[in-house]
Amino acid sequence: MIVITAPTGNIGSQVLANILDSAERIRVIARDPSKLSSQVLNRVEVVEGSHSDAAVVKKAFAGADRVFWLVPADPRAPSAEAAYLDFSRPACEALKTSGVKQVVGISALGRGWPKDAGHVTATLKMDDLIASTGVSYRALACASLMENFLRQAALIRDHGAFYWPTTADRKEPACATRDVAALAARLLLSRSWTGVESIPMLGPEDISFDEMMAIISDVIGKPVQYHLMAMDDLKAMMIKRGASEGMARAMVNMMTAKNEGMDHLVKRTLSSSSDTPTSFRRWSEEVLKPALVA
């Protein structure tokens, strides 16, 4: 049996879709099962509740041998450690006494970065906690996700603008969630791997915001201008939108680390590129453009 967490989220729903037609028994943990389609509900077992709840994960892990683990975003958490590490503690306790042998988790690049990197530092501590339970673990260490552009879809559509605190010419890795979900599904359907490993999710190439704006402009047929914003403005914007002081500070620390080179600690290889083949142009054509129209 495979347990899927966050089955209605962006990545979790794609992982679930990728394994739905398999012969595996599937169980999902969902806060709101009504968000699941009838097709899914007819195929899976549902444990209702949060996977931060000890009783919920104990029930969900019973009889299971593989788990997909994703911590949902919680901008109102008091800190990044609370959002990732503390959220995961009940599940890690449940893993120790369950029959789960393999866990595939969504993680981040940044192992070895010497300073606090906010969300990344907390996520890597979560990885270590999961690995300490004795399960075989694959952490899918994601670069910045292309889907982050969707948060500014209205600005792109209505004002031809995109704001972020990274210089426009800096080349960074970026990956699409479809590729992350596809690899997660392949790992969940395989029983052959053991041990603990982090797998870099780098996308097919490093790309700058200048290059991405040119691609978006070409794809949607109107110019989109990149605007460099200050870290203080990013923090203020997050707090205005309801984030806690701690989570806003964690975002600033993460972006500062990325700007200082954290995502380049892992060297790109043929494997790290081929595991995440979706180019930014293809993603813009197939995901961003339809979202702007919608």
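A disulfide is taken here as a pair of cysteine sulfur atoms within 2.5 Å. The structure is a predicted model, in which local features need pLDDT of at least 70 and side-chain atom pairs count only at pLDDT 80 or more, while totals for chains, interfaces and linings use all residues. Residues are numbered from 1 along each chain as its sequence is written, and side-chain values use heavy atoms, with hydrogens and water left out.

Zero disulfides are found in a search of the whole structure. The cysteine sulfur closest to that of C142 belongs to C175 and lies 4.7 Å away, which is too far for a bond. C142 is buried, with a relative accessible area of 8%, and C175 is likewise buried, at 0%. Buried denotes under 20% relative accessible area, exposed over 50%, and partly exposed the range in between (1.4 Å probe, protein chains only).

The largest nonpolar core has 36 residues, of which F149, F162, F209, M213, I216 and F280 touch the most other members. Two or more residues of this core come from each of α5 (119–131), α6 (153–159), β8 (161–164), α8 (209–220), α9 (231–240), α10 (245–259) and α12 (280–293). The largest contribution, six residues, is that of α8. A nonpolar core is a set of buried Ala, Val, Leu, Ile, Met, Phe, Trp, Tyr and Cys residues joined through side-chain atoms within 4.5 Å; helices (H or I, at least four residues) and strands (E, at least two) are DSSP runs, numbered from the N terminus. Residues up to four places away in sequence aside, F209 touches F149, F162, W164, T166, T167, A168, R170 and Y226, contact being heavy atoms within 4.5 Å. Another core, of 33 residues, lies apart from the largest one and includes V56, A94, L129 and A139.

The second largest pocket has a volume of about 250 Å³. On a 1 Å grid over the protein atoms alone, a pocket is an open set of points where a 1.4 Å probe fits, with protein on both sides within 12 Å along at least five of seven lines, and lining residues have an atom within 4 Å of a point. The volume is the space filled by probe spheres set on the points, which are joined across faces, edges and corners. Of the 13 lining residues, A6, T8, A30, R31 and P72 lie nearest the centre of the pocket. The lining comprises five nonpolar, five polar and three charged residues, where Ala, Val, Leu, Ile, Met, Phe, Trp, Tyr, Cys and Pro count as nonpolar, Asp, Glu, Lys and Arg as charged, and the others, Gly among them, as polar.

A6 is found in the loop between β1 (2–5) and α1 (10–19). A6 has a positive phi of about 50 degrees although it is not a glycine, and this residue is buried, with a relative accessible area of 15%.
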